[in-house]
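Dear colleague,

I am handing over the structure below, and my notes on it follow. Please read them with the coordinates open beside you.

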Amino acid sequence: MSTGTSGSYWQGKALPSVFKHELLKRYLPPFAGMTGSQEKRGVVYLDGYAGEGRYESGEPGSAEIALRVARHHQGLGLQMSCFFVEQQEKSFARLQEVVEGYRTSGVRASARRGGVDDVLDEVVGQAVGMPLFLFLDPCGLCLPMDRLSGVLAGKRQQKWPPTELLMNFSMMAVRRLGGHV
Ligand SMILES: C[S@@+](CC[C@H](N)C(=O)[O-])C[C@H]1O[C@@H](n2cnc3c(N)ncnc32)[C@H](O)[C@@H]1O
């Protein structure tokens with residue numbers, strides 16, 4: 001199972017990323033706008049497999065897409081608290097630079113080095129009573145389904161505060177795993 005990105009991944013955006021970024025760009029702003037306007041403390045956002053944040057070509061990765069949304073919404077008086085998690089050292093260093101650039105302009109954001117599983121409970125804890133948007137975009141398999149459903153159970157099952165999960169589900173990884181079984 002692949003868990004990291006290969007050498008050329010961050011040189012420029014490949015087609016699958018065009019699709020998922022387009023989804024994120026269309027999905028996150030209305031969610032954060034509509035739910036954030038009803039909760040003074042704002043919205044919590046987690047990008048659990050954030051990567052480098054920006055391609056070497058200068059195009060925004062998922063992290064910078066969310067940071068731009070957060071900056072835009074902040075200008076409208078809507079708060080977003082963003083968490084970005086990345087496991088790989090080199091990718092994390094680049095991610096941190098991108099996040100820092102937005103933090104200095106007042107965006108509430110932090111980059112964490114490690115596995116998403118280690119940060120998930122803390123982020124969900126910070127989002128008690130607040131809308132929560134989870135973006136999970138692994139290279140291979142995502143967190144186990146019972147782990148995810150555990151997070152989305154209980155208070156997060158209620159109508160308010162809302163929880164959204166946008167997840168990249170790799171059929172290729174599932175087939176590969178099925179093949180091994
Ligand atoms: C598909 S890439 C992310 C692309 C990014 N979401 C984007 O669209 O710009 C997946 C990233 O997750 C990282 N990763 C792999 N396993 C992880 C884990 N358990 N926790 C956090 N990050 C992980 C990899 O190093 C890689 O950078």
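**Gly 61 and its surroundings**

Leaving aside neighbours within four places in sequence, Gly 61 is in contact with His 21, Gly 53, Arg 54 and Tyr 55, where contact means heavy atoms within 4.5 Å. Please keep in mind that this is a predicted model, in which local features need pLDDT of at least 70 and side-chain atom pairs count only at pLDDT 80 or more, while totals for chains, interfaces and linings use all residues. Residues are numbered from 1 along each chain as its sequence is written, and side-chain values use heavy atoms, with hydrogens and water left out.

Gly 61 sits in the loop between β1 and α2; helices (H or I, at least four residues) and strands (E, at least two) are DSSP runs, numbered from the N terminus. The relative accessible area of Gly 61 is 0%, so this residue is buried, a term that means under 20% relative accessible area, with exposed meaning over 50% and partly exposed what lies in between (1.4 Å probe, protein chains only).

**The chain as a whole**

The protein chain has six helices and five strands, and along the sequence these follow the pattern α-β-α-β-α-β-α-β-α-β-α. For 181 residues a compact globule would have a radius of gyration near 16 Å, and the chain agrees with this because its own value is 16 Å; the radius is taken over C-alpha atoms, and the globule rule is 2.2 Å times the number of residues to the power 0.38. The C-alpha trace spans about 50 × 40 × 25 Å along its principal axes.

Of the 181 residues in the protein chain, 45% are buried. Among contacts between residues at least 6 apart in sequence, 80% join residues at least 24 apart. The accessible surface comes to about 9,500 Å², and 55% of this belongs to carbon and sulfur atoms; the areas come from the Shrake-Rupley method with a 1.4 Å probe, and for residues only the protein chains shown count as cover.

**Aromatic pairs**

A search of the whole structure finds six aromatic pairs, where rings of Phe, Tyr and Trp (its six-membered ring) pair if their centres lie within 6.5 Å, and planes under 30 degrees apart count as stacked, over 60 as edge-to-face and the rest as tilted. One of them is the tilted pair of Trp 10 and Tyr 55, at 5.1 Å centre to centre and with 40 degrees between the planes. This pair links distant parts of the chain, since Trp 10 belongs to the segment before α1 (15-36) and Tyr 55 to the loop between β1 (43-47) and α2 (62-75), 45 residues apart. Trp 10 and Tyr 55 are both buried.

Another pair, formed by Tyr 27 and Phe 133, is edge-to-face, with 5.5 Å centre to centre and 80 degrees between the planes. Tyr 27 lies in helix α1 and Phe 133 in strand β4 (residues 132-136), so this pair ties together parts that are 106 residues apart in sequence. Tyr 27 counts as partly exposed, because its relative accessibility is 31%, whereas Phe 133 is buried at 0%. Tyr 27 and Phe 133 also belong to one aromatic cluster with Phe 31, Tyr 45 and Phe 84.

**Further residues in the helices, and a cis bond**

Ser 17, in helix α1, is buried at 4% relative accessibility and touches Tyr 9 and Tyr 55, not counting residues up to four places away in sequence. Thr 35 also lies in helix α1 and is buried at 9%. With residues up to four places away again left out, Thr 35 touches Pro 30, Val 43, Pro 131, Trp 160 and Pro 162. Thr 35 and Pro 162 are 127 residues apart in sequence, yet their C-alpha atoms are 7.7 Å apart in space.

The peptide bond from Trp 160 to Pro 161 is cis, with omega near 0 degrees, and Pro 161 has its place in the loop between α5 (145-152) and β5 (163-167). In helix α2 there is His 73, which is buried with a relative accessible area of 5% and touches Pro 29, Ala 32, Gly 33 and Leu 78, not counting residues up to four places away in sequence.
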